[in-house]
Amino acid sequence: MTTSAISILPHVRPGDEAAATRIYVDALIQKLRPFFGTAEAAAGFLGPHMRRDRAVTAIRDGRIVGIAGFNLDGKGLFEPRWRDFRSKFGAFGAAIRVAGLSLLEKQDEPDCLAMDGIAVDETARGTGIGSALLEAVVAIARRKGRKTVRLDVIDTNPRARALYERHGFVAGAPRALGLFEPIFGFTSSTPMTRHVAGGTGDA
């Protein structure tokens, strides 16, 4: 699949793991900062635990410039285990981070493919890459027989919400963070869902 000079791949290419992780972390650092502090620290921890088959990526001039992760069959884009957290942060630090990150996890829902985030390199924004990645994820959901695609958008990112709405995502009821607002730095997140027409199920 191509969009102008952009190629959309249904995976992360071998060798692109570090660059893909950094693009992802830079875009989602507001959510990740409470647990890792800096983008460098977050990328260093998450990168080795990437599942390359749980993402679509955008390639331009041979370089990765965008990534959209998704959760399928209980596995998401990054899958660090408890022992990985404990080894890095100790038992207490691991418990805090695992509990906090669980607030951001997408719960499995029947017939739904949940997105783990979408990110475009800052040098390539505004060129249609986000739209192409979204449509690629929807195409995967259709092939897998899912009826909906779901994602969450935070209240401090109206540009992302506008993109999702242009692609047929409908907002649900916002979820206020309440006591967790000072930790994350945003007030609420809103689930958005798109119906997937023509799903045929797994071949």
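Two strands are said to pair if DSSP finds at least two bridges between them.

Asp61 lies in the loop between β3 and β4 and has a positive phi of about 55° although it is not a glycine. At 74% relative accessibility, Asp61 counts as exposed; the term exposed stands for over 50% relative accessible area, buried for under 20%, and partly exposed for values in between, with a 1.4 Å probe and protein chains only. A positive phi near 55° is also found in Asp73, which is likewise a residue other than glycine. Asp73 belongs to the loop between β4 and α4 (82-102), and with a relative accessible area of 62% it is exposed.

Strand β4 is mostly covered, since eight of its nine residues are buried. Six bridges join β4 to β5, and these two strands run antiparallel; in β5, Met115 is the bridge partner of Phe70.

Strand β5 also pairs with β6, in the parallel sense and over three bridges, and here Cys112 stands opposite Thr148 in β6. Five of the seven residues of β6 are buried, so β6 is largely enclosed by the rest of the structure.

## The nonpolar cores

A nonpolar core is taken here as a set of buried Ala, Val, Leu, Ile, Met, Phe, Trp, Tyr and Cys residues joined through side-chain atoms within 4.5 Å. The largest such core has 31 residues, and those with the most contacts inside it are Val56, Met115, Ile129, Leu133, Leu134, Val149 and Tyr164. The elements that give two or more residues to this core are β2 (6-9), β3 (55-60), β4 (63-71), β5 (112-120), α5 (129-143), β6 (148-154) and α6 (158-166). Helix α5 gives the most to this core, with nine residues. A second, separate core consists of 26 residues, among them Ala43, Ala55, Ile64 and Ala119.

Val56 is found in strand β3 and counts as buried, at 1% relative accessibility. Leaving aside neighbours within four places in sequence, Val56 is in contact (heavy atoms within 4.5 Å) with residues including Leu9, Pro10, Ile67, Phe70, Leu133 and Ile140. Val56 and Arg13 are 43 residues apart in sequence, while their C-alpha atoms are 9.8 Å apart in space.

Val138 lies in helix α5 and, at 1% relative accessibility, counts as buried. When residues up to four places away in sequence are not counted, Val138 touches Val149, Arg194 and Val196. The C-alpha atoms of Val138 and Met115 are separated by 9.9 Å, and the two residues are 23 residues apart along the chain. Tyr164, with residues up to four places away again left out, touches Ile118, Leu134, Leu151, Val153, Phe169 and Met192.

## How α2 and α3 meet

Two packed helices are described by the angle between their axes and the distance between the axes. The axes of helix α2 (residues 29-36) and helix α3 (residues 39-46) come within 9 Å and cross at roughly 80°, the axes being lines fitted to C-alpha atoms over the stretch in contact, with angles that run from 0 to 180 degrees between N-to-C directions. Helices α2 and α3 are therefore roughly perpendicular to each other, a term for angles of 65 to 115 degrees, whereas angles under 35 count as roughly parallel, over 145 as roughly antiparallel and the rest as oblique.

The contact is made by Ile29, Leu32 and Phe36 of α2 together with Ala39, Ala41, Ala42, Phe45 and Leu46 of α3. These residues divide into eight nonpolar, no polar and no charged; Ala, Val, Leu, Ile, Met, Phe, Trp, Tyr, Cys and Pro count as nonpolar, Asp, Glu, Lys and Arg as charged, and the others, Gly among them, as polar.

## The chain as a whole

The secondary structure of the chain comes to seven helices and nine strands, and buried residues make up 44% of its 203 residues. Of the contacts in the chain with a separation of 6 or more, 70% are accounted for by residues 24 or more positions apart.

## Basis of the values

Residues are numbered from 1 along each chain as its sequence is written, and side-chain values use heavy atoms, with hydrogens and water left out. Because this is a predicted model, local features need pLDDT of at least 70 and side-chain atom pairs count only at pLDDT 80 or more, while totals for chains, interfaces and linings use all residues.

Terms used. Helix = DSSP H or I, 4+ residues; strand = E, 2+ residues; numbered from the N terminus.
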